[in-house]
Amino acid sequence: MKIVIDGFGGDNSPDEVLKGAALAVKELGIDIAITGDEKVLMERMKELNISDSHIELVPAQGVITTEDAPKSVIKENAGTSMGKALYYLADGNADAFISAGSTAAIVVGGTMVEKRIKGVKRTALVPLMPCFGGGRYAVVDGGANLECRPEMLQQFAVLGSIFMEKTMGIEKPRVGLLNIGTEEEKGRELEHETVKLLRGTPSINFIGYVEGRDAPVGGVDVLVTDGFTGNVFLKACEGMGILMKQSLKNMFFANLKTKIGALCVKKQLGDIAKQLDYKTIGGSPLLGTAKPVFKAHGSSDAVAFLGAFRQAKMFVEKNAIDEMTSAIAALGVKEEA
């Protein structure tokens, strides 16, 4: 198996990309292609004492930034590290793609270069979030589509369910539709029409409406919503996490007595920090593409990139794309331009 990665995507590239690739070769037994300035990559590999065994360098010039138009990855910026990686996958040279670069460019590139699964109306970003018990739940869509129709959310539910089953090992994932209440009359027309479709979708384990507070406490495995609402939900969760972390820090370091208390629960605090750390997840898939595309966190280090490689490897091994293709076909929808 070969996975291609954008060598200059992310805040800590290319060093952390290279170190993550070296870890993936050693721990996962995969081949890796890294795109970017070949001279710089070779120099950094030598400096970091990284072997080129099972690592291929693919020459590319330049980097797509958040200032560049996302669509530029298709033509004018096709020769950049991200563009080359996308076309490397599209040409059949790799089994999956990873980048910690511009999210918008990855969504556009994944959709236009790799194409969509036949019948898929829109691709969706799927961040994995922590919940009670050490588990994870998926938010579909996490921000790729600001406006959605009911049939799009139905597809998101199907794609997200397969992803959680194949990649996270959850049998019959619980799928919930995010709403402002669980009562039938609550919500917008979007939720009212979507819930009808989801109740009539036999391939998913639909549990009905769920409120935002239900997800972090383990009430759902796949949280379905439009990209605008999903992104607001994610940012709110992120803000609460920062608040809790800072509040605990202030409490435990207030005085000598509380510092002693912190020492007594040091392991438990470490476990919480680990559960909340994005590095343990690695990446978010762009579901609905015809080939595996993963978005790594922009601040990823070597461990986070290793997590992204691990997730992509499992996604490929479990034939998730084939399962998704069959499931979308079973819905009987027409492909959308």
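1. A salt bridge is here a side-chain nitrogen of Lys or Arg within 4 Å of a carboxyl oxygen of Asp or Glu. In this predicted model, the side chains of Lys 166 and Glu 323 form such a pair, with 3.5 Å from N to O. Between domain 1 and domain 2, the count is one salt bridge.

2. The domain assignment divides the protein chain into domain 1 (1-120 + 288-336) and domain 2 (124-280). Their centres, taken over C-alpha atoms, are 25 Å apart. Domain 1 brings 24 residues to the contact, and domain 2 brings 16 residues.

3. About 1800 Å² is buried between domain 1 and domain 2, and 71% of this area lies on carbon and sulfur atoms. One residue pair is in polar contact between the two domains, both residues being at pLDDT 80 or more.

4. On the side of domain 1 that touches domain 2, helix 4 (103-112), helix 10 (302-317) and helix 11 (320-331) each give two or more residues. Helix 11 gives the most, with six residues. By class, this side of domain 1 has twelve nonpolar, seven polar and five charged residues.

5. The model also contains an open sheet of seven strands in the order 3-2-1-4-12-11-5, with mixed pairing. Strand 3 (55-59) and strand 5 (124-125) each have a single partner strand, so one side of each lacks a neighbour in the sheet.

6. Strand 1 (residues 2-6) and strand 4 (residues 96-99) run parallel and are joined by three bridges. Within this pairing, Ile 3 has Ala 96 of strand 4 as its bridge partner.

Notes. Residues numbered from 1 in each chain as written. Predicted model: local features only at pLDDT ≥ 70, side-chain atom pairs only at ≥ 80, totals over all residues. Heavy atoms only, no water. Pairing = 2+ DSSP bridges. Helix = DSSP H or I, 4+ residues; strand = E, 2+ residues; numbered from the N terminus. Domains from an automatic or database assignment. Contact = heavy atoms within 4.5 Å. Buried area = accessible area lost by both parts, 1.4 Å probe. Polar contact = N/O pair within 3.5 Å; in protein donor to acceptor, adjacent residues only side chain to side chain. Nonpolar A, V, L, I, M, F, W, Y, C, P; charged D, E, K, R; others polar.
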